[in-house]
Amino acid sequence: MTLAPISQRLSFNDVFYNSLQELPDGERILACLQCGTCSGVCPFGYLMDFPPSKMIAFLRAGFFERVLKTDLVWMCASCYACARACPAKIPLTVGLMTRTKEELILAGNVPTELRDALENSQRYGNPLGESPRKRAVWTTGIDPPVKIMSQERQPVDVLWFVGDYASFHPRVQLVSRAFAKVLNALGVNFGILGHEENSDGDSQRLAGERGLFEVLAEKNGRAFARYSFGQIITTDPHAYNALKNEYPALGIAYPVRHYTQFLAERLGQLKPLLLRPVKARVTYHDPCFLGRANHIYAEPRQLLNAVPGVELMEMAHHSETSLCCGGGGGGMWLDGFTWEKAHVRLSEWRVREAVTSGADILAIACPYEAPRFEDAAKMVEKANRLMVRDIIELLAEAMGL
Amino acid sequence: MNQDIFVLIEHMGGQVADISYMMLAAGQAISEAAGGRVLAVLLAHQAQGLASNLAADQILYIDHPSVADYTPDAYQHALANLIHERTPRLVLFGDTSIGAEIAGQLSARLGLPLVSYCRSVRASDGVLQFVSQVCGGKIMVEGELPAPTALVTMIPGVYKPESGHSTHPPEIVSLDLQALEKSCITLKGYIEPETSDVDISKQDLLVAVGRGIQNQENIAMAQDLANVLGGVVCSSRPVVDQGWLPSTRLVGKSGRRVKPKIYLALGISGAPEHVEAITGSQTIIAVNTDPAAPIFDVAQYGAEVDVLELLPVLTAAVQNVKV
Amino acid sequence: MNIIVLAKLVPDLVEELTIDDQGIALDPTWMRLKLNEFDDYAIEQAILMKERSGAHVTVMVPDVDGSDDVLYTAAAKGADCLVKLCGKFDQGVNNHALARAFAAVLRSRLPDLVLTGVQAHNDLDGPLGALLAGFLDLPYIGYVSGVKNEDGKVLVRKEYPGGLIAEMEVAPPVVLGIQVAEWPLSYVAFSKIRQAMKTNPIDNLQAPDLDPSGGPQVVRMSKPEIGEHATMISGNVDEVAARLLEIFQKLGVL
């Protein structure tokens, strides 16, 4: 009598678990101690059926399909708090949360709001569903005019990758206009891609749409290749993260700086122009994708300290422990969903902290934050006097622009 | 040449549809401009009473069990014969679940020209011209209605249904129907919407939500406002399609026409299919973050703020005043 | 059960529409085309029926800019066969021409069900499905929100205004104009669409010469004149709420 051979086919669980280990540093997941720090430090860990440590537990037990039947993983804002806190240095954000979202997307299990943002990104090159032809409309009236590369046809020193919200969202367009004026005042020879610019794709990538990210990156890559410039700068930490850390693997590699780095390098030239004092107590919110993800903490503070009259103070959570505004990883497009599940917004927690710190101004450096924090300030007690300003806006004010 | 204008009368549950009155009004207007009689075509079974207040020169009444209820093939067959025999100048259909599909089939089968989304018909030097509105209301198209017979599917907006009502009963001409030997389509029955729900077409104050409400949870905020104002929540099509509100709350071409004193359009863009159902409102107030939203062209008041931010603030404000 | 879905691409209203120099047609220069929303529901309904009872689904679109994307997305959702109808479609055709072209191609290979969106916003000359049914001499039911296949007959839910539904039974072959699918539109991961580009071939079928007769001769195309515009209330949420309160009081609501 012979026994039938045991099936050697791997279960979905095992295939998935193996795939995580193939990612950069992914094998560290085997060293998970189940300490639960990740779930504790996750802003929404208390709500998830399966916060990160429990996901790993279920993976090891072979029950990952159960995780995929829930939808609370969409609460994850890809803020890197878990990855930063993990003693085993497991790349949890990209190596577990994003991968799980990828599986949910493959299964078609996607909240409607997010779906619209993804489909818009695919069709129009921006998640807002705006016509790409209007991507540079925000530049109207700026003098000297902002150079659009396809019209300019001349090399520039700096290509400014503007970003989706900075191009289309009325509040963030103000920041874009201020930055254009600052660059003009510094005599920087810069240009933008205008309608040839597509979404950087980073938040879409972290929301699980790897395929969409690659298509957007390729389109941007082709646009970059058409023109001659020395470096790329961006006012968007998500774009910075993509351009610096993700695009090179796709063969698109350029020197890239976030605007805070670019301006901090030119502090000697900038400081004499900061003539008008901004007399205020200012606290700075470290964006997840500038801070935890890319370790840029000093330069934004250097810029703020250079503005006369500014008294810089830190919130209880700052630098590496900064509290996420909730916009990353698709969170920008899941506001209704997260509200439904949590009845609380991360941006409101952060604004409350800003109020507690005694600051007059909450300074920011990421396009997601202005709308999110200003909305939150309306809802939080005693926050009605709190002003939300991008560092650029404070610099522009000090420069009298 | 025959200048008669046929109007297909649509009816359901013993009631003539509003759109049929509108088209009779259209027929009257066209007849005044270009001549020709207005002949209402009524297909029904033992329901002559439906014709009693139709404003037409004549009612062509086909009484047959096969057309007691609407089925596409029976109606299409009856009309094909009628049009073929009588060669009217125009046949007017409503842009509805009945009219649009009949007009299309007839155009193909009889080889007659068809114009859709027509708002009005003009006469100029003996030539009949159509004015249609396509692409979500963004494009106007004008052209000629070819002779000898043209089919026209009409949308509301220009002609008023009130003019389609007649005070005295019109002349009724009964016609025989050469029935379809074998009907392909059998009506099995109707499924009524839940009657336990309110009838939004009878409400004085409607709080309408559109895509801008973003998800089902947020509708509770609209409900709060409706409660303090003494109104009822309704919506445009995307909300019902998602299943966030039952279809009884649908305002639009495929839903109900409403005529409240106040229509609060929150996060509604104002697509023509929705707008045509709210033109009977006395005052329309629209809230939408898009200043170019077409709803602002039909509303009396508008605001560009975010609906989700406005709702709790407005509800609180109203509550304070009432207290 | 053999299902063919006919889909067309229509001008995307996100982009501003402009009228060409002749003044009788839309200027195609900046025009973006996208899948007609109701045809999207038709594809969804067909896939739904495939998942429920194993139907075979073919999706057919005319050859215009963007038709490949539509076909590959349908394949990623589960469509079995992809067909592109080739002909002089780039100048824009009316539904009579399109319906005749589809009819010519389908006549020799009638499926059990032809599904298509019940209407499109650029249907100046009537709905495609109804015209097609007329040319093929097939029965047609429009405004369909549910389709069931029962013992060789098709049971259809037809929607009327106000939520009333009629259930109608018809023996295939039949053309149905879909208003909405039985479940919401599903999302397809872009990687699946890319995968479909590699694994799913598109069959090209040559359409006969296009015959647009039956559609109107356009004399003039224009943008509507905006009549009155709403009186806009400016300010933040609090200011708007206060003003609305005044309006409610004036109108006698409070």
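Leaving aside neighbours within four places in sequence, which residues is C:V5 in contact with? They are C:A42, C:I43, C:A46, C:V57, C:V59, C:M60, C:L115 and C:T116, where contact means that C-beta atoms, placed from the backbone, lie within 7 Å.

The model is predicted: local features need pLDDT of at least 70 and side-chain atom pairs pLDDT 80 or more, while totals for chains, interfaces and linings use all residues. Residues are numbered from 1 along each chain as its sequence is written, and chains are lettered from A and ligands numbered from 1 in the order in which they are written.

C:V5 is among the residues that touch the most other members of the largest nonpolar core, which has 195 residues; A:L395, C:V59, C:L132 and C:L176 are the others. Such a core is a set of buried Ala, Val, Leu, Ile, Met, Phe, Trp, Tyr and Cys residues joined through C-beta atoms within 7 Å, buried meaning 20 or more other C-beta atoms within 10 Å of a residue's own. Helix 1 (residues 37-53) of chain C gives this core its largest share, 8 residues. A second, separate core of 67 residues includes B:A17, B:A25, B:Y75 and B:Y159.

Chain C touches two chains, as tabulated by residue class.

Ala, Val, Leu, Ile, Met, Phe, Trp, Tyr, Cys and Pro count as nonpolar, Asp, Glu, Lys and Arg as charged, and the others, Gly among them, as polar.

In the contact with chain B, 68 residues of chain C meet 76 residues of chain B. Helix 6 of chain C supplies the largest share of its side, 8 residues; helices (H or I, at least four residues) and strands (E, at least two) are DSSP runs, numbered from the N terminus.

Terms used:
Two residues are in contact if their C-beta atoms, placed from the backbone, lie within 7 Å. A residue is buried if 20 or more other C-beta atoms lie within 10 Å of its own, exposed if 12 or fewer, and partly exposed in between; C-beta atoms are placed from the backbone.
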